Amino acid sequence: MQGSAESSGVQPISVGHACIHDRSESGCAACKVRLVSVCAALTHEELAGLEALSQPLHLDPRQALFQQDDRAGAVYNVTEGALRLSRLLPDGRRQVMGFAMVGDFLGLALPERFTVTAEALAPTTLCRFERRAFTGLVAQTPHLLQRLYERAGHELTLAQDHMMLLGRRTAEEKVASFLLGQRARYGRIGHDSVTVELPMGRQDIADYLGLTIETVSRMLTRLDREKAILIVPGGVRLLDPARLEHLAAN
């Protein structure tokens, strides 16, 4: 199994207090994703404390941030790109559990070891925080704790939605629900567009929805032919959201 950035000893980017997201002058306060992450709850003074704990980290496509069963010694905030979260089943099959996007935190509510593998789907940057130090900061900052509770509630909703997708739904309903779910997630971070980026491959979508890659491809082609979507490089354009919403509501 390919090693992860953590287990292989890969070091964070060495940039001192500068940030790879235009934070060189004002630190975390000028980070482009702060307002869509839990960091938005912090004052400028508290952000300075957070920045002191932060280590920028860059992943290349398909590089693992951590592997299933690695020791969970850090938490991460995604500042650019996306990651696939997957679990290897005892029989060797892979189940994609979800996708981490900009503004998402990883590792907040996990036990001593990670229960999933996190791999970059595209060039991805994150802020890494040593878990014990971050927990200490949270204990001193009640409004940050409140934002983390809100984030945990959002993640619980995503998990419940995933369970619904894996339940009694047709393949077409699953694909429509997935596309609308991705649009909603991009909307949460201010990326409102009729074009939904899909950094994950069709095999990833299939493993997430409990379908085969052939079925996913067939459903996307059908929706494209029916002019509900238009397949474009890197994603799909939602031409008839009402049609997709009707399918997703069944």
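The model is predicted, so local features need pLDDT of at least 70 and side-chain atom pairs count only at pLDDT 80 or more, while totals for chains, interfaces and linings use all residues. Residues are numbered from 1 along each chain as its sequence is written, and side-chain values use heavy atoms, leaving out hydrogens and water.

**The chain as a whole**

- Of the 250 residues in the chain, 46% are buried, meaning under 20% relative accessible area with a 1.4 Å probe, protein chains only.
- Among contacts (heavy atoms within 4.5 Å) with a separation of 6 or more, 71% are between residues 24 or more positions apart.

- Four strands form an open sheet in the order 2-7-4-5, with antiparallel pairing; two strands pair if DSSP finds at least two bridges between them.
- Strand 2 (64–66) and strand 5 (94–100) are the edge strands, each pairing on one side only.
- Strand 2 pairs with strand 7 (residues 117–120) over 2 bridges in the antiparallel sense, and Ala64 has Glu119 of strand 7 as its bridge partner.
- Glu119 is also the bridge partner of Arg84, and strand 4 and strand 7 are joined by 4 bridges.
- Between strand 4 and strand 5 there are 6 bridges, with Leu85 standing opposite Gly98 in strand 5.
- The hairpin of these two strands has 5 residues between them, and there Gly92 takes a positive phi near 95 degrees.
- As a reminder, strands of a sheet pair through backbone hydrogen bonds, either parallel or antiparallel.

**Aromatic pairs**

- The whole structure holds 8 aromatic pairs; rings of Phe, Tyr and Trp (its six-membered ring) pair if their centres lie within 6.5 Å, and planes under 30 degrees apart count as stacked, over 60 as edge-to-face and the rest as tilted.
- Phe66 and Phe114 are stacked, because their ring centres are 3.6 Å apart and their planes lie at 5 degrees.
- This pair links distant parts of the chain, with Phe66 in strand 2 and Phe114 in the loop between strand 6 (105–106) and strand 7, 48 residues apart.
- Both Phe66 and Phe114 are buried, and together with Tyr76 they form one aromatic cluster.

How values were computed. Buried < 20%, exposed > 50% of the residue type's maximum accessible area, 1.4 Å probe, protein only.
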